[in-house]
Amino acid sequence: AQNISLESAIDVARSQSVEAKEARQSFISTYWAYRSYKASRLPSFNLYGGLMNFDRSLTLMQSYEDGSFQYVNSYNLQNSLGLQVSQNLTFTGGTLSVYSDLSRIDQFGMDKSLTWYSQPITVSYYQPLFTYNQFKWDKKIEPKEYEKGKREYMERMEGITINAVYAYHNLLLAKMNNDISRSNFENSGKMLRIAKERLQLGNVTRAEYLQLELRMLNDSISINETAVQVREAQMILNSLLGYDESFEIEPVIEENLPDIMMDYDLVMSKSLENSSFCLSNELSLLNAESAVAHAKASRGFSFALNARFGMSQTGPEF
């Protein structure tokens, strides 16, 4: 048996119990969902292009003079590279992009040539019209979802603490009851031996002697019952702490118990301030409003505005 204090049992339950691991994994999922939302609010950088795209083939072409078709030998090397920066706009639900790219074509064969095509800067804006604005609703919902996840995590960890305290004290109480039953059995045995001697002397009646025998029998039954209770309490605590069922815990009785003064108004205000219940109600309302907005936007016409402005140039020199 290993002596474990209540504080140690709580620490183990909060760190390695199955409930604690589930609570952590649930919070980690919520955390990364919020990080994903935060990342969507930042500008995105996209480097694109195609390098060493070599083509040597016959391509079917149509003559612009007489409309006839003929195969033309294609023998070239194409390279392109560009950088795009995009930003989602919450208020409008549109996307603003700025990009710059450069392309080069090396033509081989009889008509050997070099051609550059550059777009130093191009500004593009995409705006859906009369549609559901996902960015706006995410801004309202996602921070509250993250806050709800934090509160639920703290509530589950406190629930684990409460369960650990209950299981620890149930084991302590079961062991004390078992010790009391064993002590009662020993005392009953001593009294029965004394009564047996006094019965021979005539100082104790047969009925009194039988009563002591019955009492000793009940004490032996109580030992078995309390031993079963100890085993059950031990298994519950071991399961909560993540120990094997063969591991035996010996609870330690604290010598000094802290004096805790609780103020009702403070407890009530903190529970209303930090509870996930009120936040869950707010999220339910927001999700319902979001669903209504999505349904209204989906049943009508939808349009999109796509505007682009920039500069470009092509030539045999860079």
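Reply: What follows is a short talk about salt bridges, charged side chains and backbone angles in this predicted model.

Me: How many salt bridges does the structure hold?

Reply: The structure holds eight salt bridges. One of them joins the side chains of Arg156 and Glu22, at 3.8 Å from N to O. Arg156 lies in helix 3 and Glu22 in helix 2 (residues 18-40), so this pair ties together parts that are 134 residues apart in sequence.

Me: And how far apart are the N and O in the Lys144 and Glu282 salt bridge?

Reply: The side chains of Lys144 and Glu282 meet at 3.1 Å, N to O. That pair links distant parts of the chain, with Lys144 in helix 3 and Glu282 in helix 6 (residues 276-299), 138 residues apart. Lys144 is partly exposed at 27% relative accessible area, and Glu282 is partly exposed at 38%.

Me: Where do Lys148 and Glu152 lie?

Reply: Both lie in helix 3, four residues apart, which is about one turn of the helix. Lys148 forms a salt bridge with Glu152, and the closest N and O atoms are 3.9 Å apart.

Me: Switching to Asp219, is that one buried or exposed?

Reply: Asp219, which is found in helix 4 (residues 206-241), is buried and yet has no salt bridge.

Me: What is Asp219 in contact with, leaving aside its neighbours within four places in sequence?

Reply: With those neighbours left aside, Asp219 is in contact with Ser181, Asn184, Phe185 and Ser188.

Me: Which residues form the negative surface patch?

Reply: Glu7, Asp11, Glu254 and Glu255 form a negative surface patch. Glu255 lies in the loop between strand 6 (249-251) and helix 5 (264-274), and Glu255 is exposed, with a relative accessible area of 76%.

Me: Now the backbone: which phi does Met52 have?

Reply: Met52 has a positive phi of about 55 degrees, although it is not a glycine. Most residues other than glycine have a negative phi. Met52 sits in strand 2 (residues 44-62) and is exposed at 60% relative accessible area.

Me: And where is Phe130?

Reply: Phe130 is in the loop between strand 5 (113-129) and helix 3 (134-201). Phe130 is not a glycine either, and has a positive phi of about 60 degrees; at 61% relative accessibility, Phe130 counts as exposed.

Notes
Residues numbered from 1 in each chain as written. Predicted model: local features only at pLDDT ≥ 70, side-chain atom pairs only at ≥ 80, totals over all residues. Heavy atoms only, no water. Helix = DSSP H or I, 4+ residues; strand = E, 2+ residues; numbered from the N terminus. Buried < 20%, exposed > 50% of the residue type's maximum accessible area, 1.4 Å probe, protein only. Lys, Arg positive; Asp, Glu negative; His and termini not counted. Salt bridge = Lys/Arg side-chain N within 4 Å of Asp/Glu carboxyl O. Contact = heavy atoms within 4.5 Å. Patch = residues over 30% accessible without salt bridge, like charges linked within 9 Å, V, L, I, M, F, W, Y side chains within 5 Å. Areas by Shrake-Rupley, 256 points an atom, 1.4 Å probe, with all protein chains shown as cover. Charge placed at Lys NZ, Arg CZ, Asp CG, Glu CD.
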